[in-house]
Amino acid sequence: MTKEYDEDIYFMGLALKEAETAFREGEVPVGAVLVREGNIIGSAHNLREYTRDPSAHAEILALRAGTKNADSWRLSGATLYVTKEPCIMCAGAIVNARIARLVYGCRDPKAGGVDSLYRILGDARLNHQTDVTSGVCEDECALLLKSFFQERR
C-alpha cells in the first residue's frame, strides 16, 4: 500500500460520511471532500432538495467552500474526493477550478461526465486537465446509492 492509496481511502471515508448525511436528509447520497496539502478545505453533500437549487451538488458545494477557504477561485494542487462520478456540470466546475486530481468511488452510467458518458477532465482541447483515480471504495459508494433508490421505490 502506498501513502497516496492510504490517503485516498481515508478521505473517501470522509466523503462517504457526507453521503450518509445526505441519505438521512432525503438527498441523493453523494458526498465530496476537497483537500489541499493534506488539509480539508471544503466538504459537502448533495442539497438539491433542501435548497431547491439544481446546482447544489456535493462537488459544487465543496468547491464553493474550498474557494472561500483558499480565498481564490483557483484550487491548483487540490484533490477532490467524491463518492460518485461527477456529472458534466460538476466536471466543468472541476476544470474551471483547476483541480489537480479527482478521486471518485463508483461510476454514473446515466450522467457521468468523467468516464461513463464523457471524458471532460482529460479533454486536451480544454485549458486544464485533471488526473483521475476511480473505484476507490467503489462497493460502499454504490451500495449507499442503491439502498437510497430502493428505499424510494
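Predicted model: local features only at pLDDT ≥ 70, side-chain atom pairs only at ≥ 80, totals over all residues.
View 1. Residues are numbered from 1 along each chain as its sequence is written, and side-chain values use heavy atoms, with hydrogens and water left out. Ala 58 lies in helix H3; helices (H or I, at least four residues) and strands (E, at least two) are DSSP runs, numbered from the N terminus.

**View 2. The surroundings of Ala 58.** Apart from neighbours within four places in sequence, Ala 58 is in contact (heavy atoms within 4.5 Å) with Val 30, Gly 31, Ala 32, Ala 44, His 45 and Asn 46. Ser 43 is 15 residues away from Ala 58 in sequence, and their C-alpha atoms are 7.8 Å apart in space.

**View 3. Glu 59, annotated by UniProt as "active site" in an unreviewed entry.** UniProt positions follow the numbering used here, feature names are shortened, and annotations may be inferred rather than shown by experiment. Glu 59 belongs to helix H3, which covers residues 58-70, and Glu 59 counts as buried because its relative accessibility is 4%. When residues up to four places away in sequence are not counted, Glu 59 touches Val 30, Ala 32, Leu 80, Val 82, Lys 84, Pro 86 and Cys 90.

Note on methods
Buried < 20%, exposed > 50% of the residue type's maximum accessible area, 1.4 Å probe, protein only.
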